[in-house]
Amino acid sequence: MTSRLMLSLPLLALAACGNSEGGGCRLASDCVSGLVCFDGVCQTSAVVKSAMTPDVSELGDSSKGDSNTSDAVGTPRDSEDADLAPASPCGEQPTAPIPGACTASTSIFQAVDGGACSEPTRKLPVGMITMAAEYGFVKMSELANPVLKSGFEKDEIEVALWADGSVGVGCTGDFGWFRADGDRNADCTMKYGSTMFPLYIPAFKLVIEIHEVEFDFATSRLVGIVDRDKLISELDPALRTAATNTIEADVDVDGDDVPEWSRVALTVCFE
Ligand SMILES: [Ca+2]
């Protein structure tokens, strides 16, 4: 009992003081009152808010931005192949067409009562994610992309596709998205599956759940929708107003003609 108390006292003292501006942090509570923990550093909310509010003139200048993200990158030199297989901006991917060699799913992600779960046919780690400047996340993509890039470079983001049978262009095996082994439930079913994608943003220490996901193996493009109110409510309180101004609602999910969710498009590249 005594030793526990002695251990916890210095921790309490740390929490009460907190780091000043520029100091390291994991959570807002690691910083002194009034500062926000962003990208591992205690910062004033004004600094973070300005980072979340991109210069509108910059957005205007890149008027080709929208078409760039999906089309220009894959501009084919070989126009004959282009119609058959749209190029992925990721380059060569492990999910390219398998000529006549698709193996079927064996239902390894179906619920099993008390048995051991079968290993996936393949696990494909994601090597990079880029958020498109499209839909409700046009402004957010400018902030998110540098964070995603450094997150992958520092191995802070782990997400993989687990396959049951052959997946990729032309094959119809089953698959799901996994951040860790724990994303497979005890009965062998999947926490996220193929229709939900867990997008971890290291600077926010937050997993954004993307719903109604569709992933195109040929173009590496993933599109889905995000519960905007839930996302904003999970953010550090100091960032909520800025996020409200940054993420636009563009999808009406309950049919009252007022949009409340936000569509997002990602390019998801495997290693
Ligand atoms: Ca609505």
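This is a predicted model: local features need pLDDT of at least 70, side-chain atom pairs count only at pLDDT 80 or more; totals for chains, interfaces and linings use all residues.

Trainee: How many helices and strands does the secondary structure of the chain come to?
Mentor: That tally uses the DSSP runs as just defined. The chain comes to 8 helices and 9 strands.

Trainee: Which strands are at the edges of the open sheet?
Mentor: The open sheet has 7 strands, ordered β5-β4-β3-β9-β8-β7-β6, with antiparallel pairing. An edge strand here pairs on one side only, and that picks out β5 (174-178) and β6 (197-201).

Trainee: By how many degrees are neighbouring strands of this sheet turned against each other on average?
Mentor: For angles, axes are lines fitted to C-alpha atoms (for helices over the stretch in contact), and angles run from 0 to 180 degrees between N-to-C directions. For the strand average in this sheet, though, direction is ignored. The figure is 40 degrees.

Trainee: In β9, which residue is the bridge partner of V226?
Mentor: Look at β8 (residues 221-227) and β9 (residues 261-270), which pair in the antiparallel sense over 7 bridges. V226 has as its bridge partner in β9 the residue S262.

Trainee: Which strands does helix α6 touch as it packs on the sheet?
Mentor: Contact means that the C-beta atoms of two residues, placed from the backbone, lie within 7 Å. Helix α6 (residues 138-153) runs at about 140 degrees to the direction of β3 (122-131). The strands that α6 touches are β3 and β6.

Trainee: Where does α6 bend?
Mentor: The bend at a residue is the angle between axes fitted to the seven residues ending there and the seven starting there. In α6 this comes to about 35 degrees, and a proline, P146, follows within four residues. The bend is at A144.

Trainee: How far apart are the end C-alpha atoms of α6?
Mentor: The expected span of a helix is 1.5 Å times one less than its number of residues. The 16 residues of α6 should therefore span 22 Å, and the model agrees with that. The end C-alpha atoms are 23 Å apart.

Trainee: Is D155 buried or exposed?
Mentor: A residue is buried if 20 or more other C-beta atoms lie within 10 Å of its own, exposed if 12 or fewer, and partly exposed in between, with C-beta atoms placed from the backbone. D155 lies in the loop between α6 and β4 (160-164), and has a positive phi of about 60 degrees although it is not a glycine. D155 has 7 C-beta neighbours inside 10 Å, so it counts as exposed.

Trainee: And S220, buried or exposed?
Mentor: S220 is in the loop between β7 (206-216) and β8, with a positive phi of about 65 degrees although it is not a glycine. Because S220 has 25 C-beta neighbours inside 10 Å, it counts as buried.

Trainee: Which residues touch the most other members of the largest nonpolar core?
Mentor: A nonpolar core is a set of buried Ala, Val, Leu, Ile, Met, Phe, Trp, Tyr and Cys residues joined through C-beta atoms within 7 Å. M131 touches residues including A144, L148 and L266, and A144 and L148 are among the buried residues of α6. Of the 49 residues in the largest core, those touching the most other members are M131, F197, I210 and L266.

Trainee: What separates the C-alpha atoms of V213 and F197?
Mentor: V213 is in strand β7, and counts as buried because it has 20 C-beta neighbours inside 10 Å. Its contacts beyond four places in sequence include F197, L222 and G224. V213 and F197 are 16 residues apart along the chain, and their C-alpha atoms are separated by 6.8 Å.

Trainee: Which residue in the turn between β1 and β2 has a positive phi?
Mentor: β1 (35-38) and β2 (residues 41-44) pair in the antiparallel sense over 4 bridges, with L35 opposite T44. The two strands form a hairpin with 2 residues between them, and the positive phi, about 55 degrees, belongs to D39.

Terms used:
Residues are numbered from 1 along each chain as its sequence is written. Two strands pair if DSSP finds at least two bridges between them.
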